[in-house]
Amino acid sequence: MTETRTELLVVGGGLGGVAAALAACRAGRRVVLTEPTDWLGGQLTSQAVPPDEHPWIEQFGCTASYRQLREGIRAYYRNHYPLTVAARSAQQLNPGAGRVSKLCHEPRVALAVIESMLAPHRASGRLTVLLGHWPVAAEVDSDVVRAVTLRDATTGLDRTVCADYVLDATECGDLLPLAGVEHVTGAESQDRHGEQHAPAVAVSDNMQGITFCFAVDHRAGEHHVIDRPRDYGFWRDYQPEFWPGPLIGLRAPDPRTLQVTERDFVPNPAEDTDTVFADQSKDQGDRDLWLFRRIVARGNHLPGAFDSDVTLVNWPMNDYWLGNIIDVSADAAARHLEQAKQLSLSLLYWLQTEAPRPDGGTGFPGLRLRPDLMGTEDGLAKAPYVRESRRIEAITTVTENDVSLAVRGQHGATRYTDSVGVGAYRIDLHPSTGGDNYIDVGSLPFQIPLGALLPVRVRNLVPAGKNIGTTHITNGCYRLHPVEWNIGEAAGALAAHCLHYGRQPHQVHDDPKLLSEFQSELTSQGVELAWPDVRGY
């Protein structure tokens with residue numbers, strides 16, 4: 001076993017972890033950033049999910065560094081892709097012209113931009129990145145985490161990193177049980193916080209489903225049908241009690257109304273990219289599945305550059321909720337991950353062989369899986385899209401009553417004097433392992449309170465992702481890309497601030513003067529702490 005010493009250890013290289021490392025490195029601190037896969041970027045890259053964002057994202061409502069990431073992605077396409085004159089000159093270029101976001105793009109492009117943002121700090125020696133490492137143990141002294149042991153996926157060897165501050169940016173809040181940090185999983189009871197959509201009784205293993213995303217293009221006249229997946233018979237016939245038919249099919253509940261909705265699937269429609277409208281507050285954009293999460297639009301490129309669009313499959317039909325990967329045995333987690341993969345592969349096989357076509361036939365054999373875009377052999381994303389993590393027992397817990405449009409109306413979300421950022425998205429819960437259907441209700445543009453980043457007891461561990469002090473319900477609006485980035489950036493800045501001044505995070509939170517100084521630092525770095533007058537959706 002080797003031992004390393006650093007000022008700040010960030011465990012988990014998703015968007016929150018990357019933002020945390022950037023913030024701390026900008027402040028001149030020494031950082032070790034770890035990641036279990038070989039791609040940094042989490043839900044934007046290794047999980048292959050185009051950004052889910054609020055409708056004002058082009059004007060305000062994110063940090064300056066997140067905006068740098070977004071504009072860097074656009075610049076990458078302008079610099080390296082044969083775009084049309086119209087696409088290249090579009091200030092708000094949407095490379096994939098998808099309907100889920102104003103910025104749909106390939107995972108590898110986001111990875112390239114993230115690497116470029118980190119490059120100066122790696123070259124300076126301030127930042128060490130350990131890919132293929134995941135945490136297996138933590139050394140704790142009373143209320144302080146002294147060190148974390150990480151295992152190298154390639155060699156199987158362990159490495160211990162000692163640090164003044166430890167940030168948990170893992171997808172599942174993996175450090176919380178390892179370090180004995182008080183935390184919550186699953187759904188809290190209605191009595192706990194008085195939330196309208198909480199169950200009467202707490203169910204700790206009721207969590208949102210996971211998804212293995214994948215990308216496809218369509219080669220008309222060619223045959224790219226994959227081998228029949230091992231579990232195809234099960235998934236083709238599987239019908240949840242709350243679903244209007246088999247899970248694999250084009251009929252599914254509308255997440256917001258739960259009414260049965262028929263989706264369309266037609267590869268490479270003739271629709272002009274200029275007509276694609278991406279605004280979740282006005283149109284969910286999920287009726288046309290090909291356009292929903294399209295990440296390459298051939299219409300944005302010069303004739304002949306692309307024979308087909310590429311679309312990202314992250315649909316209701318490949319959400320997996322038959323079991324958890326959190327707080328179960330390693331064998332059980334591996335089994336559920338494999339079943340989730342089988343579901344996604346079965347959906348692809350159904351699309352290739354049985355999906356109804358507009359001409360009355362069945363199947364699209366020209367659908368081609370794109371493992372080259374995912375960076376994997378099986379063609380699925382490197383990691384599952386994890387929507388819900390363990391969550392710390394925090395100084396402040398954000399509840400449905402703080403952000404719900406129905407509860408608070410035009411009064412706006414709860415205002416926090418300790419705000420360290422902002423976010424906005426509907427409370428969007430996908431079907432869960434406890435058998436719940438969608439819970440998708442309106443919310444208000446919200447703030448991120450510093451108290452939600454502070455464990456009730458532990459002094460030097462700070463959550464930097466989906467593991468902050470939210471509930472099962474409010475996780476549904478705090479889990480999205482720009483919010484996770486903001487949380488991570490605030491966590492990294494907080495640790496750097498405390499190292500510089502010799503303070504502790506809880507002291508900064510509790511002293512109005514110290515809090516104001518920290519918030520001024522955030523503002524100077526381009527972190528927005530409050531919203532202008534905008535309405536929820």
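How many nonpolar, polar and charged residues does the lining of the largest pocket have? The answer is 19 nonpolar, nine polar and seven charged residues. The structure described here is a predicted model.

## Largest pocket

The largest pocket holds about 1000 Å³ of space. Two or more residues of its lining are given by each of the elements β4 (133-141), α5 (175-178) and α9 (330-353). Helix α9 provides the largest share, four residues.

In total, 35 residues line the largest pocket. Those that lie nearest its centre are Pro36, Trp134, Cys172, Asp174 and Leu337.

## Second largest pocket

About 330 Å³ of space lies in the second largest pocket. Its lining comprises 17 residues, with Gln92, Asn94, Thr273, Asp274 and Val276 closest to the centre. By class, this lining divides into seven nonpolar, seven polar and three charged residues.

## Cavities

Rolling a probe the size of a water molecule over the atoms shows where empty space is left. Across the whole structure, the search finds four cavities of 30 Å³ or more.

The largest cavity has a volume of about 300 Å³. It is lined by 23 residues, and Pro255, Phe292, Arg293, Asp428 and His430 lie nearest its centre. Of the 14 residues that line the second largest cavity, Met207, Gln208, Ile210, Asn324 and Ile325 lie nearest its centre. The class composition of its lining is seven nonpolar, five polar and two charged residues.

## Packing of α2 and α4

Two packed helices are described by the angle between their axes and the distance between the axes. For helix α2 (residues 64-80) and helix α4 (residues 107-124), the angle is about 120° and the axes are 9 Å apart. Angles of 65 to 115 degrees count as roughly perpendicular and those over 145 as roughly antiparallel; α2 and α4 are therefore oblique to each other. The crossing in which α2 passes α4 is right-handed.

On the α2 side, the contact is formed by Ser65, Gln68, Leu69, Gly72, Ile73, Tyr76 and Tyr77. These residues meet Val109, Ala110, Ala112, Val113, Ile114 and Met117 in α4. The contact of α2 with α4 has ten nonpolar and three polar residues, and no charged residues.

Notes:
Residues numbered from 1 in each chain as written. Predicted model: local features only at pLDDT ≥ 70, side-chain atom pairs only at ≥ 80, totals over all residues. Heavy atoms only, no water. 1 Å grid on protein atoms, 1.4 Å probe; cavity = no way out; pocket = protein on both sides within 12 Å on 5 of 7 lines; lining within 4 Å. Points joined across faces, edges and corners; volume = space filled by probe spheres on them. Nonpolar A, V, L, I, M, F, W, Y, C, P; charged D, E, K, R; others polar. Axes fitted to C-alpha atoms, helices over the stretch in contact; angles between N-to-C directions. Parallel < 35°, antiparallel > 145°, perpendicular 65-115°, else oblique. Left-handed = near helix turned anticlockwise from the far one by under 90°. Contact = heavy atoms within 4.5 Å.
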